[in-house]
Every structure is written in structure tokens, then in C-alpha cells.
Amino acid sequence: MMMARLEGSLLRDAVFFPSPELAPKEKNWAPVVQCDDLFFVYTHHPLRVLRYDQGRLVPHLHAETPARLVSFSGSSALMPYADGFVGVAHHCYPAPGPFWRIYQHCLVDYGPDFRIRRVGPSFRFENDGVEFCAGLALTATDAIFSYGVNDKKAVLFRLPLASFETLLG
């Protein structure tokens, strides 16, 4: 993983994070800022949260989570919500036929200590296939998701907050 400051169209002050598990590649960490500290949800089952501290990642939390989060990973950054945070997680599995993978998403509600409070039902944005939710933004009235479809199309999807809360479970 890499973190950098964006200055115009240039990346500055890049910091590279090695895999905590020595994996050959890493992806789908869910970043969140709390009280000017940077954290990453590294895995959802078990829940592993890392804190960025002076150029390195240090373990912050390791906790059990609902079994249905096995093999779910990152997706969106976490956003402040109620007294904690909310984010999108996803799971992909191989599929026969025209789709080589099918993605399912769910909303995850985290407390202020990052422990998972609720996990919403699984959903898809459009249909079977590759859908990757990269962003979540919350306004006073809506949740806005950014996602890609089959690595060919980028979409912004607006959902009223009342429906968002229903989707959260």
C-alpha cells in the first residue's frame, strides 16, 4: 500500500507500507481519520485495525466479528456517522458463465472504538459481475457511493439517508 499527499496532479511525500502478513500484494484497506490520527481497517474477520505512527503501522485493535464477514474486505474509506463510523465492505467470489467474479457489498457500522456494531444485508449496485465501491460520502440528506462496473464504467449513486439507514440494518 502507498499513501501520498496530492499536490495538483503530482503525488508528494509517498510512504509505502509493507504487508503486515508479508503478502506479495495488498489492497482494500479502509482508511479513517479520528482525532487527527490515521487508522486502517485491515481485515474485517477478525477485525484488525492498524494505526499510522511516525511512518509505520502499529496494531491498534484485534477483535472477533460476525462470521458473515469472513472474506469481506475494504472497499470505501470510513466516514463519520452517528458517534462512530460507517463504511462499505465487499466480498467477491468466483462465478461460472459470463462473469468471472461476483461482488456483494454491505454497510458496516463501527463504534468510536472501531468495534463493529451492525452489518447490513448484502447488496449489489447493478447486477452480477465486478462492482467495486471505492468511495462513500455523506451529506445532510444523502449517501453518495462511487463504484466501478466491470473495470469499464464509473458511477456515482445517490441514496437518501433514510434508505441508507434501512440498508444498514
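Which strand is Val88 found in? Val88 sits in strand E8, and that's a handy place to start our walk through this predicted model. With a relative accessibility of 3%, Val88 falls below the 20% cut-off, so Val88 counts as buried. Now look for Cys106: it is 18 residues away from Val88 along the chain, yet the two C-alpha atoms are separated by 5.8 Å. Setting aside neighbours within four places in sequence, Val88 is in contact with Gly74, Ser75, Ser76, His105, Cys106, Leu107, Cys133, Leu136 and Phe145.

Beyond four places in sequence, the residues in contact with His91 are Val70, Ser71, Phe72, Ile102, Tyr103 and Gln104.

In soluble globular proteins, nonpolar side chains tend to be buried together. Here, the largest nonpolar core has 19 residues, and Leu47 and Tyr110 are the ones touching the most other members.

Let's zoom in on Leu47. Not counting residues up to four places away in sequence, Leu47 touches Val41, Leu61, His62, Ala63, Thr65, Tyr110, Phe114, Arg115 and Ile116. Arg48 lies in strand E5, and its side chain is joined to that of Glu21 by a polar contact of 2.5 Å. Among the residues in contact with Arg48, beyond four places in sequence, are Pro20, Phe40, Tyr42 and Thr43.

Glu21 takes us to one last stop, the largest pocket, as Glu21 is part of its lining. How do you look for empty space in a protein? Rolling a probe the size of a water molecule over the atoms shows where empty space is left. The largest pocket has a volume of about 260 Å³. Along with Glu21, its lining includes Lys25, Asn28, Trp29, His44 and Phe72. Sorted by type, the lining residues come out as four nonpolar, four polar and four charged.

Terms used
Residues are numbered from 1 along each chain as its sequence is written. This is a predicted model: local features need pLDDT of at least 70, side-chain atom pairs count only at pLDDT 80 or more; totals for chains, interfaces and linings use all residues. Side-chain values use heavy atoms; hydrogens and water are left out. On a 1 Å grid over the protein atoms alone, a cavity is a set of points where a 1.4 Å probe fits but cannot get out, and a pocket is an open set with protein on both sides within 12 Å along at least five of seven lines; lining residues have an atom within 4 Å of a point. Grid points are joined across faces, edges and corners, and a volume is the space filled by probe spheres set on the points. Ala, Val, Leu, Ile, Met, Phe, Trp, Tyr, Cys and Pro count as nonpolar, Asp, Glu, Lys and Arg as charged, and the others, Gly among them, as polar. A nonpolar core is a set of buried Ala, Val, Leu, Ile, Met, Phe, Trp, Tyr and Cys residues joined through side-chain atoms within 4.5 Å. Buried means under 20% relative accessible area, exposed over 50%, partly exposed in between (1.4 Å probe, protein chains only). Contact means heavy atoms within 4.5 Å. Helices (H or I, at least four residues) and strands (E, at least two) are DSSP runs, numbered from the N terminus. A polar contact is a pair of N or O atoms within 3.5 Å; within protein, one must be able to donate a hydrogen and the other to accept it, and residues adjacent in sequence count only if both atoms are side-chain atoms.
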